[in-house]
Amino acid sequence: FAFSRQLMNRSVYFHPKVKVAEYMVERLIRILIEKSPSLCKHSVYPKYFTVLYDALFNSTRLPEEALFINKNINHYLNLTDDSVYVLINFLMGKKVSKEILNLCDRIIHRRLYEHYRIVEGKASILENQLVSYGYKKGVDFEIKELKSSIYKEKDGERVFVRRADSVIESIGSQSQLISAFTDKSEGEQLLIILNEDQGEIENIKIIAEEINNCLMLPRDEVA
């Protein structure tokens, strides 16, 4: 199962549209955890979000990763697609920030952010160029890795399994086959356009296309 799942990544699990949708849900969850802790009093609010908030903002120091996972594994396992979508529908009827409402509406109605593939090696060039035009990363655009491997041993993206004796370990330690393609080098990046002004979206697309094609337009020609 684990190997078949890896082979399907490029065409299914890590299709650009899937990555954009995942980013939108991730962005919403980050905003909820960091900026809206008062929502934890509602029964539909996942317990795992509450323990993350406490670990990040109510502790004198961050807990050790393995200890945190072992302590809160049941809360994490209870965090399903259904629980997230129930929360999103719940938020649609509440007095929350415009940013949260907009993301909820986009997710529910499948209105994905505009996005654009970036040729390998061009992401940093594109980011610098966009910043030079006054666009802000995290506000007007985001650049995400277009992964082809779901099994990582670095950067906080590890996949864990629970053994029969209840010990939790990285999946790569349990399979030589999976370990063989863990952390392989990956090239393409994905530009996600957060700015919702149609004119600005087109400008960002023009800049991205020209950098992908190695043809840099003068600033006054990108209008």
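Predicted model: local features only at pLDDT ≥ 70, side-chain atom pairs only at ≥ 80, totals over all residues.
**Entry 1: Terms and basis**

I call a residue buried when its relative accessible area is under 20%, exposed when it is over 50%, and partly exposed in between, with a 1.4 Å probe and protein chains only. Residues are numbered from 1 along each chain as its sequence is written, and side-chain values use heavy atoms, with hydrogens and water left out.

**Entry 2: The whole protein**

I looked up the secondary structure and found 10 helices and five strands. Helices (H or I, at least four residues) and strands (E, at least two) are DSSP runs, numbered from the N terminus. Of the 223 residues, 37% count as buried. The protein exposes about 13500 Å², and carbon and sulfur atoms supply 52% of this area; the accessible areas come from the Shrake-Rupley method with a 1.4 Å probe, and for residues only the protein chains shown count as cover. I then looked up contacts, meaning heavy atoms within 4.5 Å. Among contacts with a separation of 6 or more, residues 24 or more positions apart account for 68%.

**Entry 3: Helix H3**

The 20 residues of H3 should span 28 Å, and the end C-alpha atoms are 28 Å apart, which agrees. The buried residues of H3 include Pro16, Tyr23, Met24, Arg27 and Leu32.

**Entry 4: Helix H6**

Which residues of helix H6 are buried? In H6 (residues 81-91) I list Ser83, Val84, Leu87, Ile88 and Leu91. They cover an arc of only 140° around the axis, so they lie on the same side of H6; the arc is that of the directions from the helix axis to the C-beta atoms. Asp81 and Asp82, on the other side of H6, are exposed. I also looked up the cover over the buried residues of H6, which includes helix H3 (16-35), helix H4 (47-57) and helix H7 (98-108).

**Entry 5: The sheet**

I followed three strands that form an open sheet in the order E1-E5-E2, with antiparallel pairing. Two strands are taken to pair if DSSP finds at least two bridges between them. Strand E1 (114-118) and strand E2 (141-145) are the edge strands, since each pairs on one side only. From one strand to the next the twist averages 25°. As background, strands of a sheet pair through backbone hydrogen bonds, either parallel or antiparallel.

I then checked each pair. E1 and E5 run antiparallel and are joined by five bridges; here tyrosine 116 stands opposite leucine 191 in E5. E2 is likewise joined to strand E5 (residues 189-193) by five bridges, and these two also run antiparallel. Glutamate 145 stands opposite glutamine 189 in E5, and lysine 144 has leucine 190 in E5 as its bridge partner.

**Entry 6: Strand E5 and its cover**

Is E5 mostly covered or mostly open? I find E5 mostly covered, with five of its five residues buried. Gln189, Leu191 and Ile193 point one way from E5, while Leu190 and Ile192 point the other way. In a regular strand the side chains alternate between the two faces of the sheet.

Which helices lie on these strands? Helix H10 (residues 198-212) lies across E1 and E5 and runs at about 10° to E1. Axes are lines fitted to C-alpha atoms, for helices over the stretch in contact, and angles run from 0 to 180 degrees between N-to-C directions. Helix H8 (residues 123-132) packs on the sheet and touches E1, E2 and E5. The direction of H8 makes about 175° with that of E2.

**Entry 7: Three loop residues**

I looked up valine 139 in the loop between H8 and E2. Valine 139 counts as exposed because its relative accessibility is 51%. Not counting residues up to four places away in sequence, valine 139 touches Leu194 and Asn195. The C-alpha atoms of valine 139 and isoleucine 193 are separated by 8.8 Å, although the two are 54 residues apart along the chain.

Arginine 110 lies in the loop between H7 and E1. Its phi is near 55°, a positive value in a residue other than glycine. At 58% relative accessibility, arginine 110 counts as exposed.

Serine 166 lies in the loop between strand E3 (160-162) and strand E4 (168-170). Serine 166 is not a glycine, yet it has a positive phi of about 75°. At 47% relative accessibility, I record serine 166 as partly exposed.

Conventions: Expected span 1.5 Å × (residues − 1).
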